[in-house]
Each structure stands twice: as structure tokens, then as C-alpha cells.
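Welcome, and please open the model in your viewer.

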Amino acid sequence: MIRITHVSKVYPRTGTAVDDISLNIAKGEFVFFTGPSGAGKSTLLRMVYMDERPTNGEVRVSGTSSVTATSRDVAKLRRKLGIVFQDFRLLENRTAEQNIAFALEVTGAPQSYIGTRVSRVLTQVGLGGKGTAYPRELSGGEQQRVAIARALVNDPFVLIADEPTGNLDDRATRGVFQLLREINSGGTAVLMATHNLDLIRRQEFRTIEMNRGAVVFDSAEQHAAKPAEG
Amino acid sequence: MQRSVRDVLIGFRRAPLLSMLSVTTIAFSLFAFGLFGLVALNIRQALDKLEDRVEIRAFVAEGTTPEQMGIAYGDIVKYPEVQKAVIVTQQQALARAQRELGEFRDVFEGAVLPASIDVRLKPGARDPATVKRVSARVRAFSFIDDVRYGEDWIEKLYALRNVASVAGIVLGGTFALVSMIIIGATIRMAVLARAEEISIMKLVGATDGYIRKPFLIEGTIKGIMGGLLALLLTYITRGLIDKYFIQTMFFDTRITLLGLLFGAMLGFVGSAFSVGRHLNRV
């Protein structure tokens, strides 16, 4: 589903952000990306949703290649992805409902469908009664749920979350994480970059640790290597 | 389209000050352009009036019969460059000279002035070269003594006209360019004010065309509104000039509509440029 082949990203001013990474991510997988700040997690995720193109190598997501994709191809790909950020990125002058509907409007979905779909996804993230609230009237956890609802509204096959709990307290973090697990159990793959080691330790999900642009640990490889060692 | 128009209206409502500022800026740059246009139009009008007076006067030799003059007249009016020709008899020439001299009319008491064929050329055929060519043809009649057409002043008039045209094109082009830059900058402000929205639109899969459309419509509407305001300002200014200084001419309907179209085009191009540049960066 996502194939990253010998991918590097070099910025002219700051140097190498990602250094020759190769990875495969299967359908429906839940993957944690962890590592210190500047390890290259966010750059790698940005290359998955093609906000950045690799300097070398190829990222292939559901048939779209970073080497050949046009801006129209990228737009079409993003309609099949859900993207969530640490800072929520909600439009302050729009209500929760309008923020979510926004993602459907750009795809040209009919207005009648948008209405029902938005209320369903709001219920799914536990904000059934807060559709008409503006972001400033919601807590951090609730704002992140709205952002997740916006990411889910197009029924994506993968949800990319870059530090989604970075601005949240423990309780809200647990709530948001639980929501991501539920989404994953419905068949949507989740790629989540996080600093929160507690969160990772308590889970059985695949964990990829990065440092200085390279993968230094991939639990999937270790599991695969274990039988060989034994 | 419906979405784009709705977005434009929302844009105007959300940032009324910025929208008003854009429209006013566009209006003032087009107003400067309009004033310049008005000056150019009136200079041209004055030159056209002067040009209207271009006339070839072919003096007929003494003793020429009216039949000979009639034949020459019949030939001359058939020249493609000629608008009309008039036979002026000796008596008519004298009467005209006395009329033109007013209080000094006594000077012509008992004088004999030559008869002539006065030739007026069609508009577009009054340039020095054509006037010279037609004069030469007229002069070829054996009974034509002399041909006068004010060679000097026609050449000066045309030189002035050429200078006015070149100055018009250069200044007009400069004004248009300045207007476009100012409009581009104001639309850029509108684009930057919505940068966050644009980046989110891109993240959720909006195509560049989808993002661009409302800005292009907004730019065009602002261009038209700015154009209307500029037209009103120009009209008022012209009224004041008319009242306190000299009689001037205003744009006709065709030029007015062209002006509005020009405003719309400036808005459209300015927006396309600003949004395009922004989309290439994000």
C-alpha cells in the first residue's frame, strides 16, 4: 500500500533530513514513528502525503508515485488520505461542522450527502452535540477530534497523524489515541509520529524509531528476524 | 461556480475593509489611467479638428473656361482620396477674402483674385504624403497655375500627432503596468489573508484550479467595481474641468465599456498572477 524505496531528502540550507530509508507499510497497519526532534519523522510523513518530494528514491502510495505524480494526482491522492497535525489546523472562522464539510466540498460532493456524512463522522469522534461550535469554544482534545473527523470524512485508507497528541494533556491524549485505535480497527491504516514513549510501550503496534534521518529500529524487522536467530 | 460565487461573497463579508481597500486601490490606479485617457482623447480630438482643415487649393489660370473647370472638377471628385471638391469663382474668391479679413476688407477693393478648385480629402488621407500626391495630380491639369496646401503646417501637425501617439502608447502602457502591479499586490494581500485556508484546502485534496477559481472571480469583480468607481471619478473630474476651465469631451459608450473590460481584465490577470505565485510556493 505504501512503499518507500531508498528515499532521501536533502534541504539546501539545513542538509539531510531523511537518509536512504526503505519501508513497506501494509493495508490496515498501525505504525508508530518515534525518535527525537529533527529525526526526520515529519519529513518522512510529508513525503507520504507528497507535500515534499524525495531528493532521491521513490515513495509510492496506493499506485501514486512521487517521481511521476502531477499536482492533480497529488490532490486526488490526498482525498484518499486523512491528515492530522499537532496544531489541529482548523479554520477559526468556521464551525466544527463547516471545518469538516470543507474537506468534502473540495471533492465536489453533493450538499445533501455532506450534511449526513458530517453528522455521522462527528458522532463517530464523540462530538455529536458540538457541530455548531467554533474551534475557540472547544478544548484542545475536542479540537483534535474535529481535525480527526475532517481527516475521516472522505473515508481514507490511511490516516497520517503527525504528533496528534503533542498539545494535549494525558486524559485528552488517551481519548484521542483510543479514537485512532478504533479507526484502525475499522480497517484504516494509521501512521502516527509521536514523542510519547509511554503510549508506545503500552501497545503492540509496529514501531519505527528514527534518528538523524535514518531508521534505527523497526519492530517489524525484529519480529521477522527472530525466527532466523532461533 | 455556485461555490465560487458564494466563496467570493463570504470573502467580501469576512474582510470588508481589505475588500474595500482593494477596490479603492484599483479604482485610483484606473482613475489615473482614465484621466490620462481623457487628456489623450481630447488632444486627439483637437488634432482631428485641425486636420479637418487640411485643404488643397488649386488656383486656375486666367482665361480658363467654366467647361474646362467642370471637366477637371469631374475628374478630381473621382479620386479615391477626395471627400469633396468645390469650384470657387473669382467673385466668390473675392467675397471670401473680404469676409475673412473683416474690418480690413477695403484692401481688396477692386482687386481680382484667381478662381480655384478647393479639394477636401477624406479622413485618413490627410497625411503629408497623400496631400502631396493628390496636389501633384491636380497640378498636372494644364490650366492650373499653382497648388497650395500649407505644406509646412501639415508636416508639423503630423509630427505633433506622432509625438502624441508615441507618448500616449508609452504613458498608457506605463499606467496600465502600474495598475496591474498595484492590483496584483492588493489581491496578494487577499491571498495571504487566506493562506491558512489555502494550505488546508491543499491538504484535503483541493486541486489548484478549485483553489484559484474564487480568487479569479473575486479579482474580476473587484476590477469591475474599481473600474466603475474610476469611471465615476473621471466623470466628476471632467465635469469640474468643463465648468471651470475648458470644454472637454468624455469617453463614448464603446470606450467606457472597453475601460470596464480592461478593469475586469486587470483584476483577473492580477489575481491569476498572485494566486499562481502563492500556489507554486505552498
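A residue counts as buried if 20 or more other C-beta atoms, placed from the backbone, lie within 10 Å of its own. The model is predicted, with local features needing pLDDT of at least 70 and side-chain atom pairs pLDDT 80 or more, while totals for chains, interfaces and linings use all residues. Residues are numbered from 1 along each chain as its sequence is written, and chains are lettered from A and ligands numbered from 1 in the order in which they are written.

Select chain A. Of its 230 residues, 41% count as buried. Colour by secondary structure to find eight helices and 10 strands (DSSP runs, H or I of at least four residues for helices and E of at least two for strands, numbered from the N terminus).

Next, pick residues 96-105 and 140-152 of chain A, helices α3 and α5. They pack at an angle of about 25 degrees, axes 8 Å apart (lines fitted to C-alpha atoms over the stretch in contact, with angles from 0 to 180 degrees between N-to-C directions). That makes α3(A) roughly parallel to α5(A), a term for angles under 35 degrees. Show A:Ala96, A:Asn99, A:Ile100 and A:Ala103 of α3(A), then A:Val146, A:Ala149 and A:Arg150 of α5(A): these make the contact (C-beta atoms, placed from the backbone, within 7 Å).

Finally, bring in chain B. Here 13 residues of chain B are in contact with 15 residues of chain A. On the chain B side, α1 (2-14), α7 (195-203) and α8 (208-244) each supply at least two residues. Which helix gives the largest share? That is α7(B), with five residues.

Terms used: Two residues are in contact if their C-beta atoms, placed from the backbone, lie within 7 Å. Angles under 35 degrees count as roughly parallel, over 145 as roughly antiparallel, 65 to 115 as roughly perpendicular and the rest as oblique. A residue is buried if 20 or more other C-beta atoms lie within 10 Å of its own, exposed if 12 or fewer, and partly exposed in between; C-beta atoms are placed from the backbone.
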